[in-house]
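Me: I would like to work through a model feature by feature. Show me how to read each one.

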Amino acid sequence: MTDEELREMPLPTAKAIEIAAFIPAASIDPLQVGDGYYLQADGPVAAKPYTLLRMALERSTKVAIAKYAWSGRERLGLLRVRDDAIVLHAMRWPDEIRSPQELAPGAVEVSEDEIEGAQALIDDMTRDSLEGSEFVDHYTDALAEVIKAKREGHALPPAPEAAAPAGQVVDLMSALEASVQKARASRGEDGDADLHELPAKKTTAKKATAKKSTVKKATAKPKRSA
């Protein structure tokens, strides 16, 4: 089949975004949501229906689910409002999402003290927004340092050494306590973490062989990314 034949396939969504339904935003699995693209009204005639849809979505807790054609196939999309624009998020079809059941670990005992320790860590690492030094992309700065070194004929800056992975977690509560203290220190707070200690248990460690899996990340360069 030629590209022209693919473009002229008899699909109602071939040249339009067709809204199929409106559903509560909270019911969407984030795993289904992909890249976002701003939608623009196609001329003065489309300005009013575009604005009407945007204002209606703003007053609702729902999002629009649509179908549209992209790269020769029909896709599922999510429409939501961002400021004064409508954003289309590419979505994965349900059959494109792998079931996590085969990846979950087997039966593991977790105590209430450990859960409370993890919750304390969540509380101390909670932020109101994605603003702050923790959410800065340092890649551009690192790339600028490399370019400057190459331009001036200097040695490239050394890459930071990656921490060696721990072979076995000996004391989970100690690890949680250390993480809580680190989170509090990063926020300029003093005081020790208030976590409970687990009673000592006599256990026999068994060696097990773990299968390693490689996750490949695919990157796409959208023409018009939000």
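Predicted model: local features only at pLDDT ≥ 70, side-chain atom pairs only at ≥ 80, totals over all residues.

Me: Which elements have the lowest and the highest mean pLDDT?
Reply: Helix H1, residues 3-7, has the lowest, at 63. Strand S5 has the highest, at 92.

Me: Where does pLDDT stay under 50?
Reply: Look at residues 196-226. For that stretch the model has 22 contacts beyond four places in sequence.

Me: How many helices and strands are there, and in what order do they run?
Reply: The protein has 5 helices and 5 strands. From the N terminus on, the order is α-β-β-α-β-β-β-α-α-α.

Me: What about burial: how much of the protein is buried?
Reply: Buried residues make up 16% of the 226 residues.

Me: Which residues make up the largest nonpolar core?
Reply: The general idea comes before the case. In soluble globular proteins, nonpolar side chains tend to be buried together. Here the largest nonpolar core has 7 residues: Tyr50, Ala64, Tyr68, Leu79, Ala85, Ile86 and Leu88. Two elements give two or more residues to this core, strand S3 (62-70) and strand S5 (85-91). S5 gives the most, with 3 residues.

Me: Is Arg54 buried or exposed, and what does Arg54 touch?
Reply: Arg54 is found in helix H2, residues 44-58. Its relative accessible area is 12%, so Arg54 is buried. Leaving out residues up to four places away in sequence, Arg54 touches Val81, Asp83, Asp84, Ala85 and Ile86. Two of these, Ala85 and Ile86, are also in the nonpolar core.

Me: Asp83 is on that list. What is the phi of Asp83?
Reply: General idea again. Most residues other than glycine have a negative phi. Asp83 is not a glycine, yet has a positive phi of about 60°. Asp83 is found in the loop between strand S4 (73-82) and S5. Its relative accessibility is 58%, so Asp83 counts as exposed.

Me: Which residues does Gln32 touch, and is Gln32 buried or exposed?
Reply: Gln32 lies in the loop between strand S1 (18-24) and strand S2 (33-39). Gln32 is buried, because its relative accessible area of 16% falls under the 20% cut-off. Beyond four places in sequence, Gln32 touches Ala90, Met91, Arg92, Pro94 and Ile97.

Me: Now helix packing. At roughly what angle do H3 and H5 cross?
Reply: Two packed helices are described by the angle between their axes and the distance between the axes. The axes of helix H3 (residues 112-124) and helix H5 (residues 172-186) come within 9 Å and cross at roughly 15°. That angle is under 35 degrees, so H3 is roughly parallel to H5. H3 passes H5 in a left-handed crossing.

Me: Which residues meet where H3 and H5 pack?
Reply: From H3, they include Asp113, Gly117, Ala118 and Leu121. From H5, they include Leu172, Leu176, Val180 and Arg184.

Me: How exposed is Leu172, and how far in space is Leu172 from Ala118?
Reply: Leu172 is partly exposed, with a relative accessible area of 39%. Leu172 and Ala118 are 54 residues apart in sequence. In space they are 10.0 Å apart, C-alpha to C-alpha.

Terms used: Residues numbered from 1 in each chain as written. Heavy atoms only, no water. Core = buried A, V, L, I, M, F, W, Y, C linked by side-chain atoms within 4.5 Å. Buried < 20%, exposed > 50% of the residue type's maximum accessible area, 1.4 Å probe, protein only. Helix = DSSP H or I, 4+ residues; strand = E, 2+ residues; numbered from the N terminus. pLDDT = per-residue confidence, 0-100. Contact = heavy atoms within 4.5 Å. Axes fitted to C-alpha atoms, helices over the stretch in contact; angles between N-to-C directions. Parallel < 35°, antiparallel > 145°, perpendicular 65-115°, else oblique. Left-handed = near helix turned anticlockwise from the far one by under 90°.
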